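Let's take a walk through a protein model together. Have a look at the fold, and then read on.

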Amino acid sequence: MTGVPASAAGGTGRPAPGRKLGAAAVNQASLWNIANILTMLRLVLVPGFVMLMLQDGGYDPVWRAWAWAAFAVAMITDIFDGHLARTYNLVTDFGKIADPIADKAIMAAGLICLSALGDLPWWVTGVILFRELGITLMRFWVIRHGIIPASRGGKIKTLAQGTAVGMYVLALTGPLATLRFWVMAVAVLLTVVTGLDYVRQAIVLRRRGLAEERDAAPADQAGDQAGEGPAR
């Protein structure tokens with residue numbers, strides 16, 4: 001069943017020739033669309049990545065290479081599922097909830113595994129996870145006043161984090177091991193800077209929303225008083 005009334009589809013259950021589906025019908029995208037399937041794949045990859053990462057004590061280069069492959073696939077699907085959902089009207093309530101969860105889960109899994117194995121200081125993992133969780137909660141805090149859009153800096157931050165964690169997952173040595181340190185340093189810096197910028201945007205958005213509510217209150221009261229005038 002598509003959820004489109006037969007009357008709206010010419011009585012046959014199908015849209016009349018030459019007509020486009022209404023906005024309500026378009027938004028009823030199937031749960032099993034390609035964008036959601038990619039998101040589900042990313043969620044399934046999280047425990048798979050952890051198992052591969054921790055095989056044979058977590059230091060076998062071959063298992064680490066397989067773990068890197070799983071992490072890379074997860075990061076690539078993160079790029080495509082949102083693009084597909086927006087381009088082909090495949091946005092669903094499941095995708096809105098599952099997509100950010102999958103994004104945070106694979107990154108958190110990589111950071112925690114690396115810190116547990118001693119490859120990455122715990123404070124780095126703490127800073128990144130605190131920022132990601134804090135910004136997510138802050139978005140909900142101001143959601144009634146508006147939505148904080150993803151900034152270009154935030155997207156660059158995500159790319160830097162994914163690249164840095166991916167380089168740490170691989171058993172790199174020599175100059176590449178030194179390079180990954182600096183890539184992670186850039187990722188942490190971007191994490192902090194973009195996090196502070198999101199906080200600034202949230203404060204401005206909330207203040208503006210509260211000001212608009214205060215300005216609207218007298219008008220609403222005047223309208224109520226006018227409606228309470230003597231009946232004629």
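**A charge over a ring, and rings in pairs**

The charged end of Arg 180 lies over the ring of Tyr 168, at 4.5 Å from its centre; a charge sits over a ring when NZ of Lys or CZ of Arg is within 6 Å of the ring centre and within 35 degrees of the ring normal. Keep in mind that this is a predicted model, where local features need pLDDT of at least 70 and side-chain atom pairs count only at pLDDT 80 or more, while totals for chains, interfaces and linings use all residues. Residues are numbered from 1 along each chain as its sequence is written, and side-chain values use heavy atoms, leaving out hydrogens and water.

The whole structure holds 2 aromatic pairs: rings of Phe, Tyr and Trp (its six-membered ring) pair if their centres lie within 6.5 Å, and planes under 30 degrees apart count as stacked, over 60 as edge-to-face and the rest as tilted. Phe 49 and Phe 71 make a tilted pair, 5.8 Å centre to centre with 45° between the planes. This pair links distant parts of the chain, with Phe 49 in helix 2 (residues 34–54) and Phe 71 in helix 3 (residues 61–87), 22 residues apart. Helices here are DSSP runs (H or I, at least four residues), numbered from the N terminus.

Phe 49 is buried, at 0% relative accessible area, and Phe 71 is buried too, at 2%. Buried means under 20% relative accessible area, exposed over 50%, and partly exposed in between (1.4 Å probe, protein chains only). Phe 181 and Trp 182 form an edge-to-face pair, 5.2 Å centre to centre with 85° between the planes. Here Phe 181 is partly exposed at 46%, and Trp 182 is exposed at 54%.

**Into the core**

In soluble globular proteins, nonpolar side chains tend to be buried together. A nonpolar core is a set of buried Ala, Val, Leu, Ile, Met, Phe, Trp, Tyr and Cys residues joined through side-chain atoms within 4.5 Å. The largest one has 29 residues, and those touching the most other members include Phe 49, Met 53 and Phe 71. Helices 2, 3, 4 (93–116), 5 (122–141), 6 (152–169) and 7 (175–227) each supply at least two residues of this core. Leaving aside neighbours within four places in sequence, Met 53 is in contact (heavy atoms within 4.5 Å) with residues including Gly 58, Cys 113 and Val 169.
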